[in-house]
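Dear colleague,

Please find below the structure that I am handing over to you.

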Amino acid sequence: MNNISSPIPLSVPSFSGNEWKYLKDCIDSGWVSSEGSYVRLFEDRLRRFTGARHAVACANGTAGLQVALRLCGVGPASEVIVPAVTFIAPVNAARYLGAEPVFMDCDEFLNLDAAKLDEFCRRECVRTRAGLRNRRSGRIVKAVIPVHVFGSPCDMEAVMAAARRHGLKVVEDATESLGSRHTAGHWKGRHAGTVGHLGVFSFNGNKIITAGGGGMIVTGDARLAERALYLANQAKDDPIRYVHDEVGYNFRLSNLQAAVGTAQLEMLPAILRRKKRNFDLYRALLQEVEGVRFLGVPPGTAPNHWFYSLIVEKNRFGRDRDEVMAGLARRGIQTRPLWRLNHRQRPYRRCQAYRIEKAPWFEARLLNLPCSRELTEAQVQRVAAAVAALRRRRG
Ligand SMILES: Cc1ncc(COP(=O)(O)O)c(C=O)c1O
């Protein structure tokens, strides 16, 4: 299968645990939708794994973010601070609620720049009785969404301090960072996603574990967890007479998905070891190659190494990122650039963007290398050798 010429995809899932067994349980029992016992089991296991106090399974990460934002009071005519660098889902989640995004720059690890977040709140906003008012728009900024990009934890100490100072709620987008931890500082020992008021994980097919789609809202606040469950379950006030006092959502996870998710979660510790091993190998193989380097690991964190992000600097490598991507594609190796920056996406071009300076630099240079969890040592060597061979010497 994995001979020298076979294609190497960017990221594919694998199912080597109890997935079939648990799925069969669901089908044999007839419990396939959200009332089944695997939903509760999955919530419980994820809670225990991450140390979160409460967990509510939901249809996907985007839905979880929408519910979490709503629980923070985000609605029409409010604003949410979001990263310019992230998959677009958290931005859309704010927009679904009628809120306006305000785009923030990234730091050297691609995460939300916490210093600029604080600066924006101090310079561009004013504290009022109604909350933090954006001077330019007149709207109230309700929340900030730090995204742990590609699995590297944000500087949550600085984000939480800024949020506290300015009265913002924090919804952690931990969709890419299941298994990532803070290892030093105030949040030492805490998993990414469990620091803010609410956090959200995703079990989409490309994530570190998958349920074939799915998400999980986590929080330390029992009342928020109860509200999340209520809203995700169509805001059912009386489940017999079907009384609904609010507009809810059909956002619960199915038992079939939870069964797959539970089986995958059992394998997560081994997956994390493998992801780190392959990251270390890539790094060792490419460290002598001039003009390329991997994105650093934020100090005081242990990331899940979901994606392996390479920075290609043309002046030293002799080729730019797009040429490297094309060269690798010719060798059957699938890679991907960074997402188009969100403040330049068509639906959001008119929204406020605050001093986006670092993000365009990364947008032009970043290349994500194959990172499937079943990636073999031989495949990592093949990718690294192909990257090295593309370097063009001057003269
Ligand atoms: C940063 C980020 N946020 C949100 C999502 C949305 O998760 P889902 O696909 O489960 O809706 C994803 C991934 O898909 C993501 O990468």
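Predicted model: local features only at pLDDT ≥ 70, side-chain atom pairs only at ≥ 80, totals over all residues.

**The ligand and its surroundings**

Residues are numbered from 1 along each chain as its sequence is written, and side-chain values use heavy atoms, with hydrogens and water left out.

Around the ligand there are 16 residues, of which Thr 62, Asp 173, Glu 176, Ser 202 and Lys 207 come nearest; a residue is near a molecule if one of its heavy atoms lies within 4 Å of it. Helix α3 (61-71) and helix α4 (89-96) each supply at least two residues of this shell, and the largest share, 3 residues, comes from α3. Helices (H or I, at least four residues) and strands (E, at least two) are DSSP runs, numbered from the N terminus.

- Asp 173: 2.7 Å from a nitrogen atom of the ligand.
- Glu 176: 2.5 Å from an oxygen atom of the ligand.
- Lys 207: 2.9 Å from an oxygen atom of the ligand.

On its own, the ligand has 380 Å² of accessible area, and the protein covers 92% of it. Accessible areas come from the Shrake-Rupley method with a 1.4 Å probe.

**Salt bridges**

The structure holds 25 salt bridges, a salt bridge being a side-chain nitrogen of Lys or Arg within 4 Å of a carboxyl oxygen of Asp or Glu. One of them joins Asp 28 to Lys 24, with the closest N and O atoms 2.7 Å apart. Both residues belong to helix α1 (residues 19-29), where they are 4 residues apart, about one turn of the helix. Asp 28 is exposed, at a relative accessible area of 55%. For these labels, buried means under 20% relative accessible area, exposed over 50%, and partly exposed in between (1.4 Å probe, protein chains only).

What does the salt bridge between Arg 274 and Glu 374 tie together? The N to O distance of this pair is 3.3 Å. Arg 274 is in helix α9 (residues 268-286), while Glu 374 is in the loop between β16 (366-369) and α13 (377-389), so the pair ties together parts that are 100 residues apart in sequence. Arg 274 is partly exposed at 28% relative accessibility, and Glu 374 is partly exposed at 36%. Elsewhere, salt bridges that share partners join Asp 105, Lys 116, Glu 119, Arg 123, Arg 355 and Glu 357 into one network.

The N-terminal end of α5 is capped by Asp 113, which has a side-chain oxygen 3.0 Å from the backbone nitrogen of Ala 115. This is a polar contact, meaning a pair of N or O atoms within 3.5 Å; within protein, one must be able to donate a hydrogen and the other to accept it, and residues adjacent in sequence count only if both atoms are side-chain atoms.

Leu 110 lies in the loop between β3 (100-104) and α5. Its phi is near 80°, a positive value in a residue other than glycine, and Leu 110 is buried, with a relative accessible area of 0%. Phe 150, in the loop between β6 (140-144) and α6 (156-166), also has a positive phi, near 55°. Phe 150 is buried, at 6%.

Asp 238 is found in the loop between α7 (222-232) and α8 (255-266). At 18% relative accessibility, Asp 238 counts as buried, and its side chain reaches the backbone nitrogen of Ile 240 at 2.8 Å.

Yours sincerely
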